[in-house]
Amino acid sequence: MMDTSQEGGTLPDCAGEGFYYSIQKQLGETQTEIQQRIQERLKEVKELKQAVESLKRSACIEIKESEKIFTELIRSIEKIHTEVIELIGANEKAAVNQAEGRMKKLEHEIAELRRRNAELKQLSETEDHIHFLQNSQSLCAPPEAGDLPSVTVNTDISFGAVRKAVSELKDHIEDFCKGGLVKISTTVNEVAVYSLQAPEPRNRAEFLKYSCQLTLDPNTANRQLCLSEGNRKVTRRRETQRCADDAPERFHNWAQVLCREGLSGTRCYWEIEWSRGGASIGVTYKGISRKGRDESCVLGFNDKSWSLFCSDSSYSAWHNNNETAITAPCSPRIGVYLDFNAGTLSFYGVSDTMTLLHRFQTTFTEPLYPGFWLRYYDPTVTISQLN
């Protein structure tokens, strides 16, 4: 007969007992490890709760202190506003009073001249020869010239020069605030407990969530550049374009133009269509040189700018006059993705898919202005409308 003592996998007593204790020991070790992890996680949760509470208290205090500072700043601006209004009003009042005083004296002189004219007319018509001779000498004497001061009235009642000065002050304050916001954002990010960054976009639909509207700034455009389509398209011509003035922010010797918008503290995406020859697509700090003849004024050839140069056969990335050659199929549409806080600037070839051409990794310290360099004549660059 067959021995059925081990039927169903039953082990001999000695072997089964050893295996049981081995499994039991392993389970105990696993349980101990799990309990340790639980304690570690509980401790971490407790520390995070304490950190969050501390962060909330600190944030509340900083918000109140910031509100005080901004309230004082607003009051300072309002004070300047009031002083400017009062200054304009005082000048207006002084000019009006002076003009009104002049008008009263002129009106008085006119009345005297009219009275004398009437007397002369009456005398010339009299038939009393004796009366005529007695009064003609005094009335025929020429009138004394008035001693009224010469007053020149400025007809430019719009105070154009004042408005220009106030506008320049506004631009200066806005630029200063943008730079300050970048520093504040950097500081806030550095002291945060931790940062939960949204994942990098994976397809064009996700990139388009960060699309921004850009327009070219005519005041920065070199005189060989012609802007069109609502300042979204630029073409390089051989003939020099006529400009109303010689703006200080204009590029004098390089066929470049910047956008009006400064980008900072956020994620932004835009697309560019280019054609014919070659063009550089990039971003720069506002302080890039505009008047020099050397290449330090060109996008990507200095430490203030980053660019992708596109030609009919190849690409190259540029920063601080350092070139990185890129091998990739030519695309007439380039996508630019900026994650300011993460310090990344990425260029993509846009077609059915997004092909990463190059990514710069750095730390941005000022607002960035998208810009373009048209290297040859007759090429065009157009900022695509994505919305």
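**The cavity and the strands beside it**

By class, four nonpolar, three polar and one charged residues make up the lining of the largest cavity, where Ala, Val, Leu, Ile, Met, Phe, Trp, Tyr, Cys and Pro count as nonpolar, Asp, Glu, Lys and Arg as charged, and the others, Gly among them, as polar. The model is predicted, so that local features need pLDDT of at least 70 and side-chain atom pairs count only at pLDDT 80 or more, while totals for chains, interfaces and linings use all residues. Residues are numbered from 1 along each chain as its sequence is written, and side-chain values use heavy atoms, with hydrogens and water left out.

The structure holds one cavity of 30 Å³ or more, a cavity being a set of points on a 1 Å grid over the protein atoms alone where a 1.4 Å probe fits but cannot get out, and lining residues having an atom within 4 Å of a point. The volume of the largest cavity is about 30 Å³, and its lining includes W270 and I383.

Strand 4 (residues 267–275) has seven of its nine residues buried, that is, under 20% relative accessible area with a 1.4 Å probe and protein chains only. Strands are DSSP runs (E, at least two residues) numbered from the N terminus, and two of them pair if DSSP finds at least two bridges between them. Strand 4 pairs with strand 9 (residues 333–339) in the antiparallel sense over seven bridges, and it is joined by four bridges to strand 13 (residues 380–383), also antiparallel, in which I383 is the bridge partner of I272.

How values were computed:
On a 1 Å grid over the protein atoms alone, a cavity is a set of points where a 1.4 Å probe fits but cannot get out, and a pocket is an open set with protein on both sides within 12 Å along at least five of seven lines; lining residues have an atom within 4 Å of a point. Grid points are joined across faces, edges and corners, and a volume is the space filled by probe spheres set on the points. Buried means under 20% relative accessible area, exposed over 50%, partly exposed in between (1.4 Å probe, protein chains only).
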